[in-house]
Amino acid sequence: LTRAQFVDDVRAGRVAYWVEAGRGGAARPHGKVIRSASTSAAHTREIAEWVAATYPATTIGDSLVYRLS
């Protein structure tokens, strides 16, 4: 899945949430975006960066949850 395909799915209402497990909590209320030195075929890093730049996160437990609407 490319970032463009993911964005299209979000805009079409096929994806409602993005969860970054273990990225929140009191010590890191804004968390960190998943990053890596290279991009995998799944384009996870680009998707995570787009989500974090486009939507606000809510911390639930130790995870960041983004409502994509």
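Is Arg45 buried, exposed or partly exposed? I looked up its relative accessible area, which is 21%, so Arg45 is partly exposed. I kept in mind that this is a predicted model.

**Entry: Arg45 and its partners.** I checked Arg45 for salt bridges. Its side chain meets that of Glu46, with N and O 3.4 Å apart. Glu46 is partly exposed, because its relative accessibility is 21%. Arg45 also meets Glu49 in a salt bridge, at 3.8 Å from N to O. The cut-off for a salt bridge is 4 Å, so this pair counts. Glu49 has a relative accessible area of 25%, so I noted Glu49 as partly exposed.

Then I asked how Glu49 and Arg45 are placed in helix 2. They sit four residues apart in this helix (residues 44–54), so about one helical turn separates them. I wrote down the network too: salt bridges link Arg45, Glu46 and Glu49.

**Entry: Asp9 and Arg14.** I looked up another pair. Asp9 and Arg14 form a salt bridge, and their closest N and O atoms are 2.9 Å apart. Arg14 counts as exposed, because its relative accessibility is 58%. I noted the count of salt bridges: three. Side chains of opposite charge can pair when their charged atoms come close.

**Entry: Ile60.** I turned to strand 2, residues 57–60, where Ile60 lies. Ile60 has 52% relative accessibility; exposed means over 50%, so Ile60 counts as exposed. I then compared Ile60 with Val19. They are 41 residues apart in sequence. In space, their C-alpha atoms are 9.6 Å apart.

Methods:
Residues numbered from 1 in each chain as written. Predicted model: local features only at pLDDT ≥ 70, side-chain atom pairs only at ≥ 80, totals over all residues. Heavy atoms only, no water. Helix = DSSP H or I, 4+ residues; strand = E, 2+ residues; numbered from the N terminus. Buried < 20%, exposed > 50% of the residue type's maximum accessible area, 1.4 Å probe, protein only.
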